[in-house]
Amino acid sequence: MTVDWGRLGHAYGQATDTPAHLDALEFGDAEARAAALDHLDIAVLHQGFPETATAPAVRAVTAMLAEGRAHPDSVEGLLEFLGDAALSVTHLADDRYFAEILPDLADAVAQAYPVVLPLLTASPPDRALFRAENLVAIAQMPSLADRREELAVVVLEWSERGTGFQAEWMGCLGRLGVDLRDRLTDPDPGIRLRAALAHEDDPRCRELILAALAEVPPPGLHQFELVAAAIRVAADFNEIAAASCRVISRDSWAGFDDGWGALVRFAFLKPYGKRPLTDPQRALLRALVANDTLWDPMNGSCGLVFKQAGLPHSRGACRRLAG
């Protein structure tokens with residue numbers, strides 16, 4: 001099917017440059033292929049937000065993989081693009097702004113599933129986990145619910161080969177809906193936590209998640225996952241205040257979105273408005289004040305966290321508030 005790219009757009013305007021980048025993935029040199037992958041990531045699916053050119057690009061990438069035309073060095077990058085496109089379908093499902101774009105994108109990504117599955121089955125061992133994670137993202141789309149069981153079998157077989165962190169393989173299985181509660185007592189803390197994250201409603205899992213927040217995450221898990229899960233299962237901020245302070249003490253400014261910043265937003269669901277602070281909120285402020293990386297006045301991302309919480313982005317002012 002011929003695509004009129006001039007009628008389509010990406011994050012930086014008309015998508016008339018997209019066909020040349022797609023060709024480069026097949027025929028270009030290493031520099032051109034790298035630029036093409038950057039184009040897909042930065043322009044066609046900018047920060048996970050699709051445009052009218054995204055679905056046609058997904059179909060072009062899928063055809064390239066199905067026909068074996070993609071340069072071998074580009075395969076992983078293309079699989080990541082497909083996985084990210086699937087995540088945008090899932091995460092933006094309730095966003096009315098994308099209501100006209102998502103159905104076509106969901107259809108395009110669903111067509112990629114039977115193409116990507118053999119690439120996982122026949123994957124080199126050192127690439128299997130990466131391929132599985134992106135294929136799982138695709139299978140998490142509602143339209144592919146009936147394919148998750150077959151994919152879980154493939155993922156389980158790979159996990160039993162001992163490649164990569166077992167906790168990450170458990171994460172894939174959990175996202176596919178596999179019951180992992182028999183792993184809650186596994187000697188590997190990463191596996192225990194992956195099982196807990198897959199069953200947050202279970203009281204045993206809730207206890208494991210809340211206990212883990214204070215500690216450095218084990219291999220195979222990321223701090224932002226534990227922060228998000230703890231916020232979901234905690235009754236209120238008071239329940240995780242002490243652990244939150246420990247997270248803040250070891251975080252960097254880059255955690256403004258899903259690390260320390262998420263904990264600040266949870267602590268101040270109602271922005272501070274000159275009313276008395278609670279003891280847990282004061283403890284949080286003291287932890288923030290003690291972290292040197294959060295106070296650059298030119299860092300707008302950090303400043304926005306404080307603004308949304310109704311707090312001054314001033315170390316001295318927060319020190320005084322903390323008492």
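How many nonpolar, polar and charged residues does the lining of the largest pocket have? In this predicted model, the lining has 9 nonpolar, 8 polar and 9 charged residues.

The chain contains 16 helices and 4 strands. Along the principal axes, its C-alpha atoms fill a box of roughly 65 × 50 × 35 Å. The chain has 323 residues, and 49% of them are buried. Contacts were also sorted by separation in sequence. Among those between residues at least 6 apart, 59% join residues at least 24 apart.

The largest pocket holds about 750 Å³ of space. It is lined by 26 residues, and those closest to its centre are Q140, R175, R194, F224 and E225. Helix 4, helix 6 (125–139), helix 8 (166–175), helix 9 (189–198) and helix 11 (223–233) each supply at least two residues.

The second largest pocket has a volume of about 230 Å³. Its lining comprises 12 residues, of which W5, L22, P56, R59 and A60 are the closest to the centre. Helix 1 (18–27) and helix 3 are the elements that give two or more residues to this lining. By class, 8 of the lining residues are nonpolar and 4 are charged, with no polar residues.

Charged pairs were examined next. Side chains of opposite charge can pair when their charged atoms come close. A search of the whole structure finds 17 salt bridges. One of them joins R33 to D73, with the closest N and O atoms 3.4 Å apart. R33 lies in helix 2 (residues 30–44), while D73 sits in the loop between helix 3 (54–66) and helix 4 (75–91). The pair therefore ties together parts that are 40 residues apart in sequence. R33 is buried, with a relative accessible area of 9%. D73 counts as exposed, at 57% relative accessibility.

A salt bridge also forms between D107 and R59, whose closest N and O atoms are 3.0 Å apart. D107 belongs to helix 5 (residues 102–121) and R59 to helix 3, so this pair links distant parts of the chain, 48 residues apart. Both partners are partly exposed. For D107 the relative accessibility is 37%, and for R59 it is 25%. R59 is also among the residues closest to the centre of the second largest pocket.

In a further salt bridge, D257 pairs with R265, and the closest N and O atoms are 3.9 Å apart. D257 is partly exposed at 48% relative accessibility. R265 is partly exposed too, with a relative accessible area of 28%. Elsewhere, salt bridges that share partners join E26, E67 and R69 into one network.

Where does G83 lie, and which residues does G83 touch? G83 is found in helix 4. G83 is buried, with a relative accessible area of 1%. Leaving aside residues up to four places away in sequence, G83 touches N134, A137 and I138. The C-alpha atoms of G83 and N134 are separated by 4.4 Å, although the two residues are 51 residues apart along the chain. Helix 6 spans 125–139, and helix 4 spans 75–91.

An α-helix has 3.6 residues a turn, so residues three or four places apart point the same way. Just after helix 16, G323 takes a positive phi of about 75°.

Conventions:
Residues numbered from 1 in each chain as written. Predicted model: local features only at pLDDT ≥ 70, side-chain atom pairs only at ≥ 80, totals over all residues. Heavy atoms only, no water. Salt bridge = Lys/Arg side-chain N within 4 Å of Asp/Glu carboxyl O. Buried < 20%, exposed > 50% of the residue type's maximum accessible area, 1.4 Å probe, protein only. 1 Å grid on protein atoms, 1.4 Å probe; cavity = no way out; pocket = protein on both sides within 12 Å on 5 of 7 lines; lining within 4 Å. Points joined across faces, edges and corners; volume = space filled by probe spheres on them. Nonpolar A, V, L, I, M, F, W, Y, C, P; charged D, E, K, R; others polar. Contact = heavy atoms within 4.5 Å.
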